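Subject: Structure handover

Hello,

Please find the structure below, with my notes after it. Could you read the two side by side?

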Amino acid sequence: MKPTDITDPNYFHKVVDCQWACPAHTPVPEYIRLISQERYTEAYMVNWDSNVFPGILGRTCDRPCEPACRRVRTEEKPVAICRLKRVAADHKGDIRDYLPRIPEQKNGKRIACVGAGPASLAVARDLLPMGYEVHMFERDPKGGGMMRSQIPAFRLPMDVLEEEVNLILELGVVCHFGQEITSMQALLDQGFDAVFVGTGAPRGRDLDLPGRAEADPFIHLGIDWLASVAFGHTDRIEGKVVVLGGGNTAMDCCRTSRRLGAESVQVVVRSAFEVMKASEWEKEEAIAEGIPILNNRPPKSFVVEDGKLKGMWFECVEPVRQDDGRLKYVPSGEADVFIECDHVLIAIGQDNHCPWIERDLGIEFDRWDCPVLDAETLQSGNPKVFFGGDSAFGPENIIWASAHAHKAAISIDLFCQGKDVKADRPPEGVNLISQKMGMHEWSYDSEHDPAPRYHVPHADLSRSLSNIKIEVELGFDRHLGAKEAQRCLNCDVQTVFTEKLCIECDACVDICPMDCITFTANREEEELRQHLMAPADNPAQDLYVSGDLPDTDRVMVKDEDVCLHCGLCAERCPTGAWDMQKSIINIPQVHA
Amino acid sequence: MTFVAKPKTHHPKLPRNELGLTRRDYEGAVSTLCAGCGHDSVSAAIIQACHELSIPAHRVAKLSGIGCSSKTPTYFLGKSHGFNSVHGRMPSVATGANMANRELYYIGISGDGDSASIGLGQFAHIVRRRINMTYVVDNNGTYGLTKGQFSATNDKGSTSKKGVPNLYEPIDLAMMAIQIGATFVARSFSGDKEQLVPLLKAALKHEGFAFLDVISPCVAFNNHNGSTKSYEYVRGHSSALALADLIPTRDAIEVDYAPGAAEDVAMPDGSTLRLRKLRDDYDPRNRVTAMDTLMRMNEKGEIVTGLLFLDDDPSDCHEILGTVDEPLASLGEAELCPGSERLETINAAFR
Ligand SMILES: Cc1cc2nc3c(=O)[nH]c(=O)nc-3n(C[C@H](O)[C@H](O)[C@H](O)COP(=O)(O)OP(=O)(O)OC[C@H]3O[C@@H](n4cnc5c(N)ncnc54)[C@H](O)[C@@H]3O)c2cc1C
Ligand SMILES: Cc1ncc(C[n+]2csc(CCOP(=O)(O)OP(=O)(O)O)c2C)c(N)n1
Ligand code: SF4
Ligand code: SF4
Ligand code: SF4
Ligand SMILES: [Mg+2]
């Protein structure tokens, strides 16, 4: 293998599994260390810089970082990265001094953001400090998008939402709320220098089954119903409720119904439990609240008698695993089942829908009604128009909305300066800073806590079921937060090797608790992976290969897979050939 | 010296031996030796050898004298018996222990100062007595613990850190051991575990006195230019004559060695010792030619490693003395003190 190029920003970035997996590349271990030091405000700002909504995300993020966490491979359960984000938000002090300064003198460019969801808000946050004048158009009377209209208050309290939404609006957004945009052409005619579309994926999918039309008064599209609850138009649901669908919307619908007086609630899913789209923790919470989930039951028809919904028929199927690993559903032979109900909430997905964008403006749409975009720049066929969030590639989540926003803001800034939105993008970078303080002293706490993941306290069940506004998860207090933080392995403190200093004494090989390091003859990667202290069977994790060593014709090979970043290799190295260096990955943003 | 305890967490795919243990289960306390000390690699090699042989830790006794090397038993096999004795006196303690309980594995760890200076007399006599043990000298050519005086194995002309040459002839403990009766003699290098671990395994399974002279650089006092026991010098000047592999069964597994190069020796416990000769003119089972070759290569300043000598039908002290099979330690008072009448008959026989 060729020697590893550690100046490539992606090399060490990939080692920080959580940061690599986070769409916005939040420097996770950095903020976790700040929490250990009780520096909550700084921990919050590290988050705010990259993901914009730490308090909201600390409760609701989809957490792609957690399954990626190295602890899954070295021990078992990931660090509770998301809940630690909330610890930072819950315990932070006054952040005003840390906020970017908004120039009095504007740069003369006017930007329109359509929609006031997380995508538009994050674009505004990135552009305002550069002197842009940002106009935000929103159909609803208040900002927040689906974070306000969809995510129920028992998961995301209103004050947390408002605090972070208002923080951005107060940076100087010109708000046009309660105003629906009905024509892109008209908007462009107002002379904006660029338009950002952050209108989300607003259309809930319906189910065209026999009886659907007659049953209409008793059937609600999940996202519309949740929005009417959020805005206070609906505060009760009577009788027996059936929720159709297996995603997070279905989980929010059933848990909301449970709190709004339903006599009984059950979720019916066409597919198997393991393949339900809802996050693990959402399913667990629903089950813990006593909501049955019925799987492998595709819906067949609605039954209406005397103008009232009686119930629904479902087929019975069973999943069969096919050669390609996918599940195919075949009739199980059981008789169809009838489930009595008074209301049905349909939560089987959302679609993109932009009827207000004229089709002759250069913006093309694919067959899912998603705009055709450049994935890196988020620019559409009309160079002035950029997309982000759910409106770009279909429904995702808040953290993806922030990630898109940073990219789109860079593009908008380049575009407005007359630069090339692709060629002139600022590059990613990496800085490496030695953590050595003395003989055996590091500026990070190199010892990790092997304890299992700590449980987060919950509100009393009967109390939380009685009121939709009572937050279910209570969050870690400072003490539990500090303990959970200690489980983090500091994957951003990298083992950096200098071959010309190595005397091949083997001290690092002998001390390494995880058998990461081997000195051996160089080979091709596949072969090399089998000639190490422990087989390197995880091809997703890189091998760090040195150049030729001075004294023998061998090379140093380190398997990054399960390194604990404990620093023992560097402590035992007599020559300083190993050093522990913090990698700071520079993810470009407009202001950076 | 490291202050952080080595985490218990280990590689998820670490192999388990017949006892269901991983290599990590054979570790001891974290070393307090200088970072980079060769002795730590020897400890790591012992850990690996014992793990691979599935030796139960409580069947091992570790014995040592005084020195950095003699401190190392604390850093491996944390669940074994141990006796850290007096400078140069490990052989006496080992002899006594082995006499009392012939069933344990004995691992003696000594230094070149411990065995070739103050303990040379003790060393010579434990070799002669052929105590059934594995005797390892961590040979760094210096008194590490007392800060770098030349030891008796330091080569003539090899210099101190300040450039002063050593004036005296070196003692070659391996050669001495061959001469006075050791039945297994090897030399190796702490920086070459591929060679050292199989040699240690063969030594542990050898039923007689097995001696390993392991060159083990002292990073603090003897790893400079001018030293003949530095990592760099040893790497550049050593070559192996013969190697040993231990194969757990008696079925000779054919491997691709040059014809005549590999020979299998059956071991009493059913395993096979595979001898690999790397030079046609070297027969490690011939004491006379082995010593001859060693002498000649020593003259040329070449460091000879690998298996130097093997008596494949060894005897040990218990055999020489004709002691009972049962360990003396487990005999009762009646067997050990047959009474004054019996003593009378014995005494009478000498009159
Ligand atoms: C029930 C439910 C629960 C969810 N839970 C989570 C969760 O826990 N965690 C998570 O990360 N994500 C969750 N999501 C997804 C998340 O809410 C969205 O991915 C995210 O809000 C998308 O952000 P956005 O800015 O792209 O669009 P949105 O948040 O959808 O905001 C778009 C805004 O644009 C406005 N708008 C649309 N068209 C116009 C127009 N023509 N003129 C003016 N305004 C317009 C809309 O009113 C809306 O306010 C959930 C989604 C649903 C449906
Ligand atoms: C009876 C006695 N004399 C002298 C000493 C001082 N002393 C301690 S260790 C040592 C030499 C150790 O050298 P070596 O055995 O080579 O061990 P190393 O530290 O090099 O591994 C000496 C002379 C002592 N402890 N006891
Ligand atoms: S251990 Fe910490 S730094 Fe490593 S992946 Fe998990 S959260 Fe990220
Ligand atoms: S930091 Fe060094 S010693 Fe610790 S696990 Fe990683 S490679 Fe091994
Ligand atoms: S401890 Fe340092 S000098 Fe020794 S082998 Fe490892 S990197 Fe090389
Ligand atoms: Mg010594």
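This is a predicted model: local features need pLDDT of at least 70, side-chain atom pairs count only at pLDDT 80 or more; totals for chains, interfaces and linings use all residues.

Residues are numbered from 1 along each chain as its sequence is written, chains are lettered from A and ligands numbered from 1 in the order in which they are written, and side-chain values use heavy atoms, with hydrogens and water left out.

Helices (H or I, at least four residues) and strands (E, at least two) are DSSP runs, numbered from the N terminus. Axes are lines fitted to C-alpha atoms, for helices over the stretch in contact, and angles run from 0 to 180 degrees between N-to-C directions. A crossing is called left-handed if the near helix is turned anticlockwise from the far one by less than a right angle, and right-handed if clockwise. Contact means heavy atoms within 4.5 Å. For residue classes, Ala, Val, Leu, Ile, Met, Phe, Trp, Tyr, Cys and Pro count as nonpolar, Asp, Glu, Lys and Arg as charged, and the others, Gly among them, as polar.

Helix α3 (residues 28-36) and helix α8 (residues 81-91), both of chain A, have axes that come within 10 Å and cross at roughly 50°. The two helices α3(A) and α8(A) are therefore oblique to each other (angles under 35 degrees count as roughly parallel, over 145 as roughly antiparallel, 65 to 115 as roughly perpendicular and the rest as oblique). The crossing of α3(A) and α8(A) is left-handed. On the α3(A) side the contact is made by A:Val28, A:Tyr31, A:Ile32 and A:Ile35, and on the α8(A) side by A:Ile81, A:Leu84, A:Lys85, A:Val87 and A:Ala88. By class, this contact of α3(A) with α8(A) has eight nonpolar, no polar and one charged residues.

The axes of α4(A) and α8(A) come within 8 Å and cross at roughly 120°, and the crossing of α4(A) and α8(A) is left-handed. Here A:Tyr40, A:Ala43, A:Tyr44, A:Asn47 and A:Asn51 of α4(A) meet A:Lys85, A:Val87, A:Ala88, A:Ala89 and A:His91 of α8(A). The class count for α4(A) with α8(A) is six nonpolar, three polar and one charged.

For α8(A) and helix α19 (residues 478-485) of chain A, the axes come within 10 Å and cross at roughly 145°. The crossing of α8(A) and α19(A) is left-handed. From α8(A), A:Leu84, A:Val87 and A:His91 meet A:Arg478, A:Gly481, A:Glu484 and A:Ala485 of α19(A). That contact of α8(A) with α19(A) has three nonpolar, two polar and two charged residues.

Single residues

Buried means under 20% relative accessible area, exposed over 50%, and partly exposed in between (1.4 Å probe, protein chains only).

A:Glu484 lies in helix α19 of chain A and, at 0% relative accessibility, counts as buried. Leaving out residues up to four places away in sequence, A:Glu484 touches A:Pro78, A:Val79, A:Ala80, A:Leu84, A:Arg453, A:Tyr454 and A:Phe476. A:Glu484 and A:Ile32 are 452 residues apart in sequence, with their C-alpha atoms 9.1 Å apart in space.

A:Glu376 is in the loop between β16 (350-351) and β17 (385-387) of chain A. With a relative accessible area of 38%, A:Glu376 is partly exposed. Beyond neighbours within four places in sequence, A:Glu376 is in contact with A:Lys407, A:Lys422 and A:Arg425.

In chain B, B:His11 is in the segment before α1 (38-52) and is buried at 5% relative accessibility. Not counting residues up to four places away in sequence, B:His11 touches A:Pro513, A:Met514, A:Asp515, A:Ala534, A:Pro535 and A:Val562.

A:Val52 has a phi near 75°, a positive value in a residue other than glycine. A:Val52 sits in the loop between α4 (40-51) and α5 (54-60) of chain A and is buried, with a relative accessible area of 0%. Phi of A:Asp506 is also positive, near 75°. A:Asp506 is in the loop between β21 (493-497) and α20 (507-511) of chain A, and its relative accessible area of 9% makes A:Asp506 buried.

Cysteines

A disulfide is a pair of cysteine sulfur atoms within 2.5 Å; by this rule there are zero disulfides over all chains. A:Cys508 is buried at 7% relative accessibility, and A:Cys569 is buried at 9%.

Regards
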